[in-house]
Amino acid sequence: MSVNISEDGKFFHLRTKHSSYIFNVMENGELGQLYFGKRIHSQNSYGNLAKKERREAMVSWTTTADDFQPDNLKQEYASFGKGDFRDPAYQVTAENGSRISELHYESYQLEKGKNRLSDLPSAFGKASDDVETLEIFLRDSLLDLKVILKYSVFPNEDVITKSVEFINLGQQHLNLNRALSSQLDLPDDQYDLISFSGSWARERHEVVDRLKSGVQSISSLRTASSHQHNPFVMLARPDATEDQGDVFGFNLIYSGNFLDQVEVSSYSSTRVLQGINPEEFAWEVKPDDHFQTPEAVLSFSGQGKNQLSQQMGDFYEKHLVNPRFANQQRPVLVNNWEATYFDFDENKLIAIAKKAAELGIELFVLDDGWFGHRDDDTSSLGDWFVDQNKLPQGLAHLSNQVHQLGLKFGLWFEPEMISIDSKLYEQHPEWMIATPGRTPTPGRNQFVLDFTRDEVIDYIFDMMSARIEESKLDYIKWDMNRYITDMFSSNLSRSNQLEMSHRYILGVYKLYQRLIDRFPEVLFESCASGGGRFDLGLMYYAPQAWTSDDTDAVERILIQYGTSYGYPLSMIGAHVSDVPNYQTGRVTSFASRGQVAYFGDLGYELDITKLSEKDQSEIQKQVAFYKKYRQIFQFGNFYRLQSPFAGDHNVASWMVVNQDKTTAIAARYQILNRPNPSYLRIYFKGLDAAKAYRVNNSEEIFYGDELMNAGFFVDQILNINQPIQGSADFSSQLFVITEA
Ligand code: DGJ
């Protein structure tokens with residue numbers, strides 16, 4: 001049993017293998033939060049956890065219960081305006097303009113398993129996995145508003161999902177001003193807030209802030225999860241490390257405007273709110289109508305951050321990713337973008353595909369520029385028919401040849417976008433998002449289609465379906481290269497304009513789902529100018545994502561290391577590209593580029609037809625090596641060994657280990673070389689202490705406990721004596737550890 005309910009029906013204890021989450025019905029009929037953390041025994045009541053003290057100068061529930069002071073309590077889903085002055089989890093405006101509500105407990109329902117939400121990406125689970133779903137029914141009787149708090153417990157992965165449904169049972173039109181997915185009130189504030197922030201080409205760098213009194217948050221108002229902030233955050237005890245200490249992980253299965261907010265109260269309790277950003281959001285709930293929030297993911301690890309990443313990653317593989325692709329090895333791809341940009345014809349593409357086949361690559365991806373008359377980024381978005389000048393024999397012909405070479409064929413789309421210079425705009429200027437009377441704001445010379453309109457989605461669906469069918473597509477790269485501005489939809493009435501961002505994302509999800517239903521075999525990779533929509537909402541449809549447009553090996557260490565906290569390697573698209581690198585101008589060796597890109601879904605993004613014989617044979621070796629260990633690189637247990645965000649930022653290392661701990665691969669990266677350095681050992685993790693191993697086919701045999709506790713001597717002199725392209729900077733070393 002994952003959910004224990006006390007005999008009096010007032011205490012709810014959600015238990016995973018290693019964590020407990022407890023809440024109760026308080027004396028005013030609302031829900032209180034009692035505990036989330038290391039697993040504890042189940043009891044019939046939790047007087048100790050529910051203890052409170054009356055404090056001066058506070059608002060009380062009633063004159064007779066003056067020790068019941070809402071601002072002083074840990075609550076489960078706090079309302080606004082009845083004495084809790086922290087930011088609430090939701091707020092409703094009634095027809096008379098009142099924004100006050102009270103949600104009283106009515107009943108619960110407990111079921112085995114976990115169903116998907118209907119219009120939103122969400123987790124799913126079977127009863128046979130011990131997954132249980134608890135629904136708590138609350139009601140504001142004055143508004144006749146029913147609210148269902150939905151909890152699903154995934155005991156084996158130590159994850160709890162939460163979402164909320166609002167149902168209007170009354171006669172008034174209600175307006176939700178905020179409707180967050182999850183609230184968690186913790187009893188103290190001794191935590192670091194760890195978030196993953198950055199910008200285009202610098203995504204998901206680790207940022208650590210101590211909690212302090214007041215509000216700290218990360219968010220997006222770009223109608224995308226964004227490059228700037230990622231919905232995944234952790235709260236960690238300051239002494240927590242990768243291997244020990246208490247850490248909470250929070251994520252949201254959502255791709256639009258989000259908010260992750262932490263508020264420390266005057267009594268040093270901590271409130272964590274997650275959900276749709278209340279800024280630029282409102283939702284009308286008409287009589288008999290309902291509103292479902294996206295789902296939040298919560299996880300606790302008492303064994304440090306690495307354990308948290310692993311359990312959340314396992315959860316996504318088993319309970320979020322399209323089961324058709326979960327644990328399915330991802331193909332090694334070549335993408336023509338950085339090889340040709342817009343300048344290609346069929347011959348050039350076929351030459352790349354032929355070379356790719358020779359080198360063992362499995363998927364050829366034709367990127368931007370194959371449609372309309374798109375010779376640069378100023379035109380043709382929306383015109384999803386082939387450019388006859390570049391590909392006079394059509395897509396099917398190209399795809400046929402690629403298939404005949406034994407490769408899979410993939411195609412780039414940017415379905416949500418429109419160029420002014422396009423046939424689509426000539427026919428349907430009204431489909432473009434713009435505010436009447438104002439000049440629309442371009443981004444990369446392009447504009448956005450109003451995905452709140454079904455006719456827009458139908459049109460794009462038909463266009464994409466035709467291309468998928470004619471070219472028997474195996475893979476789609478779904479790009480999205482600008483954030484959304486000028487928020488206005490002629491599809492929505494004046495009072496519903498604030499619904500637009502969320503409706504837009506629902507439209508994106510709708511198109512994804514329709515394509516997946518019709519073409520279940522197609523593998524989707526999501527992309528948004530690199531990693532601008534690297535989130536769980538899209539992971540549900542697209543099991544892999546383009547991590548960043550920055551393919552420089554050194555920058556990629558930071559990006560992939562940061563990303564690994566919240567997302568599994570199977571989601572991380574990682575390519576070897578040309579040097580000097582387009583983003584940084586840096587020259588790194590082929591080996592280093594490969595040794596960074598191995599830790600994810602490997603691809604190549606350069607003109608492989610122009611490479612020297614030596615580099616070509618290097619690719620061949622890399623691909624063969626990767627394929628040999630692909631299962632571990634994509635689905636093994638990942639361990640962060642040394643952080644590039646720590647110390648002098650000069651070294652990083654990480655490793656992957658297979659399930660039975662017979663094979664592991666570690667990599668150590670050194671950014672700048674240092675003269676006459678100190679002796680060095682690398683301390684591996686995740687091995688079997690009792691197993692004997694060889695490292696890089698060594699004659700010497702080492703026990704797992706030696707490799708993990710005493711470390712493995714790293715020969716640095718050897719490294720310096722083998723300078724790479726004239727420089728020993730940006731070097732990397734790989735350690736293949738196999739059971740002896
Ligand atoms: C941005 C993506 O991140 C790139 O990989 C490439 O697909 C370009 N868009 C194409 O316009």
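**Entry 1: ligand shell**

I count Ala, Val, Leu, Ile, Met, Phe, Trp, Tyr, Cys and Pro as nonpolar, Asp, Glu, Lys and Arg as charged, and the others, Gly among them, as polar. The model is predicted, so I take local features only at pLDDT of at least 70 and side-chain atom pairs only at pLDDT 80 or more, while totals for chains, interfaces and linings use all residues. Residues are numbered from 1 along each chain as its sequence is written, and side-chain values use heavy atoms, with hydrogens and water left out.

I looked up what surrounds the ligand. I found 13 residues around the ligand (a heavy atom within 4 Å counts as near). The closest are Asp367, Asp368, Lys477, Asp479 and Asp549. By class, this shell holds six charged, four nonpolar and three polar residues.

**Entry 2: ligand oxygens**

Next I checked polar contacts (N or O pairs within 3.5 Å; within protein, one atom must be able to donate a hydrogen and the other to accept it, and sequence neighbours count only if both atoms are side-chain atoms). The side chain of Asp367 has an N or O atom 2.7 Å from a ligand oxygen. For the side chain of Lys477, the distance from such an atom to a ligand oxygen is 2.8 Å. For the side chain of Trp412, I read 3.1 Å.

How much of the ligand does the protein bury? The protein buries 97% of the 300 Å² that the ligand exposes when taken alone (Shrake-Rupley areas, 1.4 Å probe; for residues, only the protein chains shown count as cover).

**Entry 3: largest pocket**

I then turned to the largest pocket, with a volume of about 970 Å³. A pocket here is an open set of points on a 1 Å grid over the protein atoms alone, where a 1.4 Å probe fits, with protein on both sides within 12 Å along at least five of seven lines; lining residues have an atom within 4 Å of a point. The volume is the space filled by probe spheres set on the points.

The lining has 45 residues. Closest to the pocket centre I find Ser118, Asp119, Leu120, His290 and Gln292.

Which helix or strand gives the most to the lining? Helix 8 does, with seven residues. Helix 7 (454–471), strand 6 (104–112) and strand 19 (290–292) are among the elements that each supply at least two. (Helices are DSSP runs of H or I, at least four residues; strands are runs of E, at least two.)

**Entry 4: His319**

I looked for His319 and found it in helix 2, residues 304–319. Is His319 buried or exposed? His319 counts as buried because its relative accessibility is 2% (buried is under 20%, exposed over 50%, partly exposed in between). The side chain of His319 makes a polar contact of 3.3 Å with the side chain of Glu157.

The peptide bond from Val579 to Pro580 is cis, with omega near -10 degrees. Pro580 sits in the loop between strand 29 (572–577) and helix 11 (590–597).

Asp288 is not a glycine, yet its phi is about 70 degrees. I place Asp288 in the loop between strand 18 and strand 19. Its relative accessible area is 69%, so Asp288 is exposed.

Asn697 also has a positive phi, near 60 degrees. Asn697 lies in the loop between strand 35 (692–695) and strand 36 (702–703). Asn697 counts as exposed because its relative accessibility is 67%.

**Entry 5: Asp87**

Last, I looked up Asp87, in the loop between helix 1 (47–50) and strand 5 (90–93). At a relative accessible area of 25%, Asp87 is partly exposed. From Asp87 to Gly382 I read 42 Å, C-alpha to C-alpha, across 295 residues of sequence.

Definitions and conventions. Buried < 20%, exposed > 50% of the residue type's maximum accessible area, 1.4 Å probe, protein only.
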